[in-house]
Amino acid sequence: MAKIIGCIGTSHVPTIGVAYDKGRQADPAWAPLFDGYKPVAQWLAEKKPDALVFFYNDHATTFFFDMYPTFALGVGERFPVADEGAGLRNLPDIKGNVDLQCHIAESLVNDEFDLTIFQEKPIDHGCASPLPLLWPHDPDWPGALVPIAINVLQYPLPTAKRCYKLGQAVRRAIESYPEDLKVVIVGTGGLSHQIHGERTGFNNEEWDREFLRLLQFEPEKLTQLTHADFVRLGGAESVEQIMWLAMRGAMPEKIRRLHLNYYLATTTAMTLALYEEGEEPAPSAAAAAGRVLDNASA
């Protein structure tokens, strides 16, 4: 049977892809970010997963506001990398696994998730920004992608709790797949950032650290937050953190963190975290971090 061997949370800032394409990995401004991905890329190279399930959001590239689905799952042997205005990237089309994708789609529908299914549509920086930092791609990607797009753009959005339940349903789907595959779950977006309005450039490192603690040890608390809570604590675009909750829902109750890289150099707190199933002592929440969450709905 298929098995989930770990999960990755990663930002998907579009400038990461631009910097990568321009070969700026050793640039002093970018090296702390790119170096932070190397341990995770090494872990993936050692584990050799057959597929990555990517929870991401489409940035009005394949879907637009006249028809923007709540949850959409991609099915196809190949997905082109979208041209988002800067020209086509020098990346091969993203590989798919149609049998696995179809199985997950059928399982989710039977689990009462009403999905939109898209086929061979372009994938934008929601996946394509971090993907080449995680997987080699010359001449081709080493495994398949199962893209699951979550609406974090056009309200009403799915709740944090619904996204967590989606992850749980994805776990059931993968564990019922009859082929012996190794799967890694990836949740993208965030952490704190706001790129428009009066709070443009807003970040909250204190909340980011508390979010990561809760994600690992008390994810149910995060499912109780409203979208307004996430926006207030981390900025308007930090509502993307609900996609990390989908990732967390696909993991068992107890997980241990193998790697964390937090780099706040632009408008977004660019973050990368790697987890496996296992025990890890939970740190006590600092008083200040507790106040951050306690005041979320104040």
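## Surface and overall shape

The protein chain exposes about 12,700 Å², and carbon and sulfur atoms supply 50% of that area. The model described here is a predicted one, and in it the protein chain has eleven helices and ten strands.

For a chain of 298 residues, a compact globule would have a radius of gyration near 19 Å, and the 18 Å of the protein chain agrees with this. Its C-alpha atoms fill a box of roughly 50 × 45 × 45 Å along the principal axes, and buried residues make up 55% of the 298 residues. Among contacts between residues at least 6 apart in sequence, 80% join residues that are at least 24 apart.

## Charges and salt bridges

The protein chain carries 26 positive and 39 negative charges, whose mean positions are 5 Å apart. Side chains of opposite charge can pair when their charged atoms come close, and the count of salt bridges comes to 13.

One of these salt bridges joins Asp 111 and Arg 172, with the closest N and O atoms 2.8 Å apart. Because Asp 111 lies in the loop between helix H3 and strand E6, while Arg 172 lies in helix H6, the pair ties together parts that are 61 residues apart in sequence. Asp 111 is partly exposed, at 26% relative accessible area, and Arg 172 is also partly exposed, at 43%.

Asp 229 and Arg 232 both lie in helix H9, three residues or about one turn apart, and they form a salt bridge in which the closest N and O atoms are 3.2 Å apart. Asp 229 is buried, with a relative accessible area of 2%, whereas Arg 232 is partly exposed, with 39%.

Conventions. Residues numbered from 1 in each chain as written. Predicted model: local features only at pLDDT ≥ 70, side-chain atom pairs only at ≥ 80, totals over all residues. Heavy atoms only, no water. Helix = DSSP H or I, 4+ residues; strand = E, 2+ residues; numbered from the N terminus. Rg over C-alpha atoms; globule rule 2.2 N^0.38 Å. Buried < 20%, exposed > 50% of the residue type's maximum accessible area, 1.4 Å probe, protein only. Contact = heavy atoms within 4.5 Å. Areas by Shrake-Rupley, 256 points an atom, 1.4 Å probe, with all protein chains shown as cover. Lys, Arg positive; Asp, Glu negative; His and termini not counted. Charge placed at Lys NZ, Arg CZ, Asp CG, Glu CD. Salt bridge = Lys/Arg side-chain N within 4 Å of Asp/Glu carboxyl O.
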